[in-house]
Amino acid sequence: MAEHQETERAGAPIPTVIADELHIVYRVNGAKTGKGSATAALSRIIRRGSDDTARGVRKVHAVRGVSFVAYRGEAIGLIGSNGSGKSTLLRAIAGLLPAERGKVYTDGQPSLLGVNAALMNDLTGERNVILGGLAMGMSREQIMARYQGIVDFSGINEKGDFITLPMRTYSSGMAARLRFSIAAAKDHDVLMIDEALATGDRKFQKRSEQRIRELRKEAGTVFLVSHNNKSIRDTCDRVLWLERGELRMDGPTDEVLKEYEKFTGK
Amino acid sequence: MSCPHPLRIPKTKVFPLVSETTHDGTVALGTPVSPDDGLTSAQLADRYGLSVSGARPSLVEYVRQLWDRRHFILAFSRAKLTAQYSQAKLGQLWQVATPLLNAAVYFFIFGLILKADRGMSRDVYIPFLVTGVFVFTFTQSSVMAGVRAISGNLGLVRALHFPRASLPISFSLQQLQQLLFSMIVLFAVAIGFGSIPDLSWLLIVPVLALQFLFNTGLALIMARAGAKTPDLAQLMPFVMRTWMYASGVMFSIPIMLEDKPGWVADILQVNPASIYMDLMRFALIEGYSADNLPDHVWALAGGWALLLAAGGFVYFWKAEERYGRG
């Protein structure tokens, strides 16, 4: 209880994200037989109107009744084995996936650190910086002001003038570094990072972790999905552990990670 | 732990790992904080002014958000246009070469082999045909890009937050820019067959503007339909081809249908594709007089554009929060 008294003295924490009994369900067409044969498709159309299972639409219940409250100034790690619903949960918080049941309340517009989809391999790095910035909702002036910073941070030009070459000519590491640099250039209220720290060489990883700590100071709340327990330990103070779409544990990083490592047998 | 500033450590909660467990909403809150204790999530959200994530904005707010993204919409359409030919050796030259080759193929088949130029001199028919092909292609490719605007860009829709209408609008903007390249070819053909640029060429601007509005509306409708039923991408080429043959792209409707009842030609002539083609031909081609246009042609052109643009926009907006599911 000592913790709570401390909290009160520091002023009541301000919630930024509230998840209330959140359920997310994916629907996959023609996955019943696993073959997607013509007859299966036909019967699906004929049975339109009857329930989903009869039509061969398979439901994947990815998040099952998750509830939590995140507060301003927190960095929250999300852990769990593959397919436990971590990325899905982040997308739902960002408002990118509609909830089947339950609700997510947020302060402002949470953003997912994922600009990859807007970038085009056939364009030069230079144009991708601008396109990616615009896609994240930055203004032209903001991008111009930060352009040099983005390029320097990515280190693309360390080995010659690569920023004016099409992105398809980049090595996978270089492309990943540029993507992270573009994504991290914007300030966010609630920021969500999905496995972003695994990119680049060790030097770049250090720089990324530093940038995430900065973003957290600017942002209200940071969510981080990672399979790297060390980067969770280095950046987060609270951890949510998801397993099979359910929230299994919610608490301080050390306690949850200890249980998680016991669970995974590490 | 290397936390830069002191942080509140939440009390650890452990939940049993049983499928379909339902937790009581208030119990599962991460940190019970005394002044807020006992509040439901909705009350807590209300107290701190949080809003439901991913809810659909009002129509006015939606238009404002879209306006804020205008630079993105333009940059995205131009990037798509450039990326299209970036691997080719001739590069952006294909922007002009592709429509030129298209026109040549249609001329070979319909002008030389099928002789569809009934009732027109060659000086009229060739620009007539090329205009028809280009103007119809503008609508056709906007529709096809519209169908795949959401379903083909799910990655983008699921990763970033922006008004989804940006995508279909951006794609029809890309087609407009493509058409502007084709216009270079079209001007050359028109001049080559004896039409001299005069004041009537200025009519091209309103015609293109209205057709662009029409196409964007259609692309918005197709984007919503295609997001729900991706199969439309397979079906639409056939619909579009039927529409093309029915709109008089390579023949004059009144002349071809002389022996049929008059209402058939009337219906075909008031269809929007045929109206925008005829207006463009009227503006460009010396020997294509106003006699070839149906009555109230400008009202029809404006009406179609307004109906589709406004209707398509509202129709698309109504499903805004559902794009990207599943």
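In chain B, helix α7(B) is followed by B:G194, whose phi is positive, near 90°. Helices here are DSSP runs of H or I of at least four residues, strands are DSSP runs of E of at least two, and both are numbered from the N terminus. This is a predicted model, in which local features need pLDDT of at least 70 and side-chain atom pairs count only at pLDDT 80 or more, while totals for chains, interfaces and linings use all residues. Residues are numbered from 1 along each chain as its sequence is written, and chains are lettered from A and ligands numbered from 1 in the order in which they are written.

**The two chains**

- Chain A holds 9 helices and 9 strands, whereas chain B holds 13 helices and 2 strands.
- Of the 266 residues in chain A, 49% are buried; for the 326 residues in chain B the share is 41%.
- A residue is buried if 20 or more other C-beta atoms lie within 10 Å of its own, exposed if 12 or fewer, and partly exposed in between, with C-beta atoms placed from the backbone.
- Two residues are in contact if their C-beta atoms, placed from the backbone, lie within 7 Å.
- Among contacts between residues at least 6 apart in sequence, those joining residues at least 24 apart make up 69% in chain A and 79% in chain B.

- Helix α7 of chain B covers residues 166–192; its 27 residues should span 39 Å at 1.5 Å a residue, and its end C-alpha atoms are 39 Å apart, which agrees.
- The expected span of a helix is 1.5 Å times one less than its number of residues.
- A kink of about 25° in α7(B) is centred on B:S182.
- The bend at a residue is the angle between axes fitted to the seven residues ending there and the seven starting there.
- Helix α5 of chain A (residues 140–154) has 15 residues and should span 21 Å at 1.5 Å a residue; its end C-alpha atoms are 20 Å apart, which agrees.
- In α5(A) there is a kink of about 50°, centred on A:R146.
- A:I143, A:I150, A:F153 and A:S154 are the buried residues of α5(A).
- These buried residues pack against three helices of chain A: α4 (125–135), α6 (172–183) and α7 (202–218).
- After α5(A) comes A:G155, with a positive phi near 70°.

**A sheet with strands from both chains**

- An open sheet of 4 strands runs in the order β2(A)-β1(A)-β4(A)-β2(B), with antiparallel pairing.
- Its edge strands are β2 (58–71) of chain A and β2 (51–52) of chain B, each of which pairs on one side only.
- Two strands pair if DSSP finds at least two bridges between them.
- Strands of a sheet pair through backbone hydrogen bonds, either parallel or antiparallel.
- Strand β1 of chain A (residues 15–28) is joined to β2(A) by 11 bridges in the antiparallel sense.
- Across that pair, A:I24 stands opposite A:V63 and A:L22 stands opposite A:V66.

**Strand β8 of chain A and its neighbours**

- β8(A) is mostly covered, with 5 of its 6 residues buried.
- Strand β3 of chain A (residues 75–79) runs parallel to β8(A) and is joined to it by 4 bridges; A:L78 has A:L240 as its bridge partner in β8(A).
- β8(A) also pairs with β9(A), in the antiparallel sense over 6 bridges, and A:V239 stands opposite A:G251 in β9(A).
- The hairpin of β8(A) and β9(A) has 2 residues between the strands, and A:R244 takes a positive phi near 50° there.

**Individual residues**

- Most residues other than glycine have a negative phi, and most peptide bonds are trans.
- A:R244 has a positive phi although it is not a glycine; it lies in the loop between β8 (238–243) and β9 (246–252) of chain A.
- A:R244 counts as partly exposed because it has 16 C-beta neighbours inside 10 Å.
- A:E21, in strand β1 of chain A, has a phi near 50°, a positive value in a residue other than glycine.
- A:E21 counts as partly exposed because it has 18 C-beta neighbours inside 10 Å.
- A:L191 is in strand β6 of chain A (residues 190–194) and is buried, with 25 other C-beta atoms within 10 Å.
- A:L191 and A:L224 are 33 residues apart in sequence, and their C-alpha atoms are 8.5 Å apart in space.
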